[in-house]
Amino acid sequence: MRMLEAVNANLNVLKLDVGIVTDKGLRILADYLEHNNSLEQLVFQETSHPQKNWTDFGRKRFTSMLRDHTQLKKVKANNRPA
């Protein structure tokens, strides 16, 4: 959360790779990046932990944020292998 707060405060950060993200982390990304107007690229990957995989709610929350509230031009979200 602190990293996302810093990204929101610094208009010079254009690309962010947050690494591995759990379902809770996906929802946090959606909440914190909702009002970010400077970030252009976001890269992250789903966790391989079976109890922390992305839920439908987390995915919908994140895609809703992308559709309605952000200026992101490129998002690379790597799902875990089936």
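**Figure 1. The fold at a glance.** Helices (H or I, at least four residues) and strands (E, at least two) are DSSP runs, numbered from the N terminus. Counted this way, the secondary structure of this predicted model comes to three helices and three strands.

**Figure 2. Overall dimensions.** Along the principal axes, the C-alpha atoms fill a box of roughly 35 × 20 × 20 Å. A compact globule of 82 residues would have a radius of gyration near 12 Å, and the protein agrees with its 12 Å. Of the contacts with a separation of 6 or more, 79% come from residues 24 or more positions apart.

**Figure 3. Phe44 meets Phe62.** By the ring-pair rule there are two aromatic pairs in the protein. In the pair shown here, the ring centres of Phe44 and Phe62 are 5.2 Å apart and the planes stand at 75°, so the pair is edge-to-face, a label that applies over 60 degrees. Phe44 belongs to strand 2 (residues 41-46) and Phe62 to helix 3 (residues 56-69), so the pair ties together parts 18 residues apart in sequence.

**Figure 4. The aromatic cluster and its cover.** Ring pairs join Phe44, Trp54 and Phe62 into a cluster. Phe44 is buried, at 2% relative accessible area, and Phe62 also counts as buried, at 5%; the cut-off is under 20%. Across the whole protein, 33% of the 82 residues count as buried.

**Figure 5. Surface and charges.** The protein exposes about 5,500 Å², with carbon and sulfur atoms supplying 49% of that area. Its 13 positive and 9 negative charges have mean positions 4 Å apart.

How values were computed
Residues numbered from 1 in each chain as written. Predicted model: local features only at pLDDT ≥ 70, side-chain atom pairs only at ≥ 80, totals over all residues. Heavy atoms only, no water. Rg over C-alpha atoms; globule rule 2.2 N^0.38 Å. Buried < 20%, exposed > 50% of the residue type's maximum accessible area, 1.4 Å probe, protein only. Contact = heavy atoms within 4.5 Å. Areas by Shrake-Rupley, 256 points an atom, 1.4 Å probe, with all protein chains shown as cover. Lys, Arg positive; Asp, Glu negative; His and termini not counted. Charge placed at Lys NZ, Arg CZ, Asp CG, Glu CD. Phe/Tyr/Trp six-rings, centres within 6.5 Å; stacked < 30°, edge-to-face > 60°.
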